[in-house]
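My notes follow in the order I checked things.

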Amino acid sequence: MTTNNLLSRISIDPNICFGKPCIKGHRIWVSMILDYLAGGVSIEELLEEYPGIEKEDILACIAYGAEMSKGYFVEIPIGTNKEATKK
C-alpha cells in the first residue's frame, strides 16, 4: 500500500474531534494511536482494543506521523540520562 493510499484513511474535519486528524469514519485520533504505539502497545493489541479499525488504519497513522515530522523537529532534552551527564 502506498503512502497516499494510507493517508486517504485519515480524516480532518473541523466539526469532528476539534479538527484533529482521525481515522476516517471513527473518532480515534491519530495522535492517540501514535502515543499507544510509542508506549509499547502492539498493533495487535490496538486491533483488539478497537475492533472497528484495521491494520491499515494504524499504518495510516504512522504514515501521517512520518509526513508531519518532515521538516519539523522536537527539542530533545540533553543530560537526562547517565551517558549524557558523564560527558
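**Entry 1: helix α4.** I looked up which residues of α4 are buried, and found Asp-57, Ile-58, Ala-60, Cys-61, Ala-63 and Tyr-64. Buried means under 20% relative accessible area, exposed means over 50%, and partly exposed is in between (1.4 Å probe, protein chains only). Helices (H or I, at least four residues) and strands (E, at least two) are DSSP runs, numbered from the N terminus. This is a predicted model: local features need pLDDT of at least 70, side-chain atom pairs count only at pLDDT 80 or more, and totals for chains, interfaces and linings use all residues. Residues are numbered from 1 along each chain as its sequence is written, and side-chain values use heavy atoms, with hydrogens and water left out.

Next I asked what the buried residues of α4 pack against. The partners are α1 (3-7), β1 (10-11), β2 (22-23), α2 and α3 (43-49). Contact here means heavy atoms within 4.5 Å.

I also checked the length of α4. Its 15 residues should span 21 Å at 1.5 Å a residue, and the end C-alpha atoms are 22 Å apart, which agrees. The expected span is 1.5 Å times one less than the number of residues. Just after α4, Gly-71 takes a positive phi of about 85°.

**Entry 2: Asp-57.** Asp-57 sits in α4 (residues 55-69). Is Asp-57 buried or exposed? I noted it as buried, because its relative accessibility is 7%. A polar atom of the Asp-57 side chain lies 2.8 Å from the backbone nitrogen of Glu-54. Leaving out residues up to four places away in sequence, Asp-57 touches Arg-9 and Ile-23.

**Entry 3: the core.** I then turned to the largest nonpolar core, which has 14 residues. Such a core is a set of buried Ala, Val, Leu, Ile, Met, Phe, Trp, Tyr and Cys residues joined through side-chain atoms within 4.5 Å. Those with the most contacts inside this core are Ile-10, Ile-23, Ile-28, Ile-33, Ile-53 and Cys-61. The elements giving two or more residues to this core are α2 (30-38) and α4. The largest share, five residues, comes from α4. In soluble globular proteins, nonpolar side chains tend to be buried together.

Not counting residues up to four places away in sequence, Cys-61 touches Ile-10, Ile-23, Val-30, Ile-33 and Leu-34.

**Entry 4: Leu-47.** Leu-47 is in helix α3. I logged Leu-47 as partly exposed, because its relative accessibility is 25%. Beyond its neighbours within four places in sequence, Leu-47 is in contact with Ile-53, Glu-54, Lys-55 and Ile-58. I also took the separation from Thr-3: 44 residues along the chain, and 20 Å between the C-alpha atoms.

**Entry 5: the loop between β1 and β2.** Most residues other than glycine have a negative phi. I found positive values in this loop. Cys-17 lies there, with phi near 55°. What is the exposure of Cys-17? Cys-17 counts as buried, because its relative accessibility is 13%. Phe-18 is exposed, with a relative accessible area of 77%.

**Entry 6: a ring.** Lys-20 lies over the face of Trp-29, at 4.4 Å from the ring centre. The criterion is NZ of Lys or CZ of Arg within 6 Å of the ring centre and within 35 degrees of the ring normal.

How values were computed
Polar contact = N/O pair within 3.5 Å; in protein donor to acceptor, adjacent residues only side chain to side chain.
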